[in-house]
Every structure is written in C-alpha cells, then in structure tokens.
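Here are my notes for a first look at this structure. Please read them with the model open beside you.

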Amino acid sequence: MMDSASPTWLPCGRHRLDLSFPRVMGVLNATPDSFSDGGRHNARDDALRHAERLLAEGAAIIDVGGESTRPGATPVPVQQELDRVLPVVEALVSELDALVSVDTSSPEVMRAAAQSGAGMLNDVRSLQREGALQAAAISGLPVCLMHMQGEPADMQNAPRYDRPIEEVVVDFLADRVAACEAAGLRRERLLLDPGFGFAKTVEHNLRLLNRMDRLERLGLPLLVGMSRKSMIGKVLARPVEERLSGGLALAALAVERGARIVRVHDVGPTLDAINMTWAVLKEGC
Ligand code: 7PJ
C-alpha cells in the first residue's frame, strides 16, 4: 500500500530493504532484565515470541541488543554479549527468516552476528572501538552510525556543546563516514542517526529533531530512535509506560523531517502514524 513508484534497495545480507518509504525497526532487548533469565532456552523462546509479534505488527527489521546503552549503564564483557545476542540472532534468522540488525559496538559481536545471518549492524559508537571499522567492512553489511559524545556510563552528566548541536552532529557523522570510506566501507552501505538521548539535553534533542534537514545534506538514509525516551518523559511529565502518544508525534515529525527508519518498541501504532504521515507527504511530491 505504501510503496512508492521507484524502490530504493539497501542490500542487507540475504534480504533487501526498500527505503523508498519509511520503515519501522522493532527493538528486541536480549538483556537479562528484559526477558526471563531462568536459562538460555527461556530467554531465546521469549525473544522469539516477542520478535514474532513485532513482525506481525509490521516491523521491517528487528534490532537485537545485548548491551544496555541507557544512560548510566556499564559495558558488559564481550563473551556475555555474544552469549546473549547470538542465540537470538540465530533463532530469528532460522525460524522467522527475519531481517535482523545487531545493536553492538564490539567487533567480535559484529563478526559473529554477520556469520549467524544478521542483515545490518547498528553501532551507537559509530565504529570507534578498536577493530570495529575492519569488522564492519569485512561483514559486507550495512551499518548505522550514531552520534554520541562520551560513553553511556557518564554521557548525561553534563552534555555541553560549543556550537549548535545539529552542527556538531553533522560534523561528527561526516567524519565517521569519511573514516568508514577510508576503511573500505562504501557509502551506499551507511545509515546515519543523530542519537536522540545520547549525551544530549532535552533542548538538544528537540532542536535536533527540528533541524534534521541538516543531516539530510549528507545524502544517506536517516534512522531515528526516540521510543519511550526521557525527552518525552520530561516534556510531558510521563513515566516510561505512558510515552506512546508522545513517541508517535515524534515518529511522525521525524518522517516529515526525512527519517527512513524509525526504531521503536511499539511497532503497530508507530507504523500507522508514519504511514499516515507518508500518505500526506506523498501528495506533496
Ligand atoms: C538507539 C539505538 C538509537 C540507534 C538505543 C533506547 C536506548 N540505536 N540503541 N539509535 N537507542 N541507532 O532504546 O532507549 O536512538 S538503546
């Protein structure tokens, strides 16, 4: 229903993703606090069931993460991340034939995920860890590069920027794109994300969303993640379980400002919101 006349295919391993219209990425946390941890199989089965629901609601991509990157979170050892993420990736690929993205900054996880059939890499640290550029280049997969200043453990302490936030983000991402190209990652494989909620005040986040057209100048598909984040909580004074309406407003605005992938927990409602937004935008072409 929502397809436009000319598909724009992003090769994602065994899958191809049409980005000529906005798509939804469903969040699947493979962290012990997200699913029952009474043994690997429970966690794997819970993850499978949750992914099935996200796909049924219309998710084009499932984003699997084994390291919490919420503000204040401490990094997990790489073996633990592998143990959490790989069984879930394997199950989603073999049992659901899903297009799986892996939210990781570790080169070891990138390599193993690619071998297990993942179709995309999503790195909140923009491939800045030692060996990440090479691992991503070799994987042959598309990569989402996200802006963050500092590390999740301390990033919200005092986020300060000397210049307007959108300029900082554009310059950072342009530098990361250049680093990727130097490492043999072709531009066609890159997606960009301003990193809402990562080392940013509420005002930074709101301003960034308003000025997303600046990021469009880099000429790469934009991905955004604002689902349930504290920018909604702070503006509306809502706890995390009451942030859906605010998140839908942000998703619609992000699509209007050029986002092509929206990363969310609530797939069905978000798909309706962005499909409705897109129906309006298409008539303006
Ligand atoms: C994002 C992410 C985001 C991308 C997380 C949360 C925190 N990856 N991983 N963009 N956020 N690309 O979902 O609240 O905004 S984890």
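This is a predicted model: local features need pLDDT of at least 70, side-chain atom pairs count only at pLDDT 80 or more; totals for chains, interfaces and linings use all residues.

1. The ligand site. Start with the ligand, which sits in the largest pocket.

2. The side chain of D193 places an N or O atom 2.6 Å from a nitrogen atom of the ligand. The side chain of R263 has an N or O atom 2.9 Å from a ligand oxygen atom. At G225 the backbone takes part: one of its N or O atoms lies 3.2 Å from an oxygen atom of the ligand. How much of the ligand does the protein bury? Taken alone, the ligand exposes 390 Å², and the protein buries 94% of that.

3. K229. K229 lies in the loop between β9 and α8, the latter spanning residues 230-236. Is K229 buried or exposed? Its relative accessibility is 18%, and buried means under 20%, so K229 counts as buried. For a sense of scale, compare K229 with L19. The two are 210 residues apart in sequence, and their C-alpha atoms are 25 Å apart in space.

4. D63 and S101. D63 belongs to strand β4, residues 61-65. D63 is buried because its relative accessible area is 1%. Which side chain does D63 contact? The partner is S101, through a polar contact of 2.5 Å between the two side chains.

5. S105. Next, go to the loop between β5 (100-103) and α3 (107-115), where S105 is found. S105 has a relative accessible area of 1%, so this residue is buried. The side chain of S105 makes a polar contact with the side chain of D123, at 2.6 Å. The side chain of S105 also makes a polar contact with the side chain of R125, at 2.7 Å. Show these contacts together.

6. Check the backbone here. Most residues other than glycine have a negative phi. L127 is not a glycine, yet its phi is positive, at about 60 degrees. L127 lies in the loop between β6 (120-123) and α4 (132-139). A199 is likewise a residue other than glycine with a positive phi, near 60 degrees. Its loop runs between β8 (190-193) and α6 (202-210). Are these residues buried or exposed? L127 counts as buried because its relative accessibility is 1%. A199 counts as buried because its relative accessibility is 1%.

7. A51 is found in helix α1, residues 40-56. Its relative accessibility is 0%, so A51 counts as buried. How far is A51 from D63? They are 12 residues apart along the chain, and 9.5 Å separates their C-alpha atoms. V64 is found in strand β4, which also holds D63. V64 is buried because its relative accessible area is 0%.

8. H265 and V27. End with the loop between β10 (259-264) and α10 (267-282), where H265 is found. The relative accessible area of H265 is 17%, under the 20% limit, so H265 is buried. What lies between H265 and V27 in sequence and in space? They are 238 residues apart in sequence, and 5.2 Å apart in space, C-alpha to C-alpha.

Conventions: Residues are numbered from 1 along each chain as its sequence is written. Side-chain values use heavy atoms; hydrogens and water are left out. A polar contact is a pair of N or O atoms within 3.5 Å; within protein, one must be able to donate a hydrogen and the other to accept it, and residues adjacent in sequence count only if both atoms are side-chain atoms. Accessible areas come from the Shrake-Rupley method with a 1.4 Å probe; for residues, only the protein chains shown count as cover. On a 1 Å grid over the protein atoms alone, a cavity is a set of points where a 1.4 Å probe fits but cannot get out, and a pocket is an open set with protein on both sides within 12 Å along at least five of seven lines; lining residues have an atom within 4 Å of a point. A molecule sits in a cavity or pocket if more than half of its atoms lie within 2 Å of its grid points. Helices (H or I, at least four residues) and strands (E, at least two) are DSSP runs, numbered from the N terminus. Buried means under 20% relative accessible area, exposed over 50%, partly exposed in between (1.4 Å probe, protein chains only).
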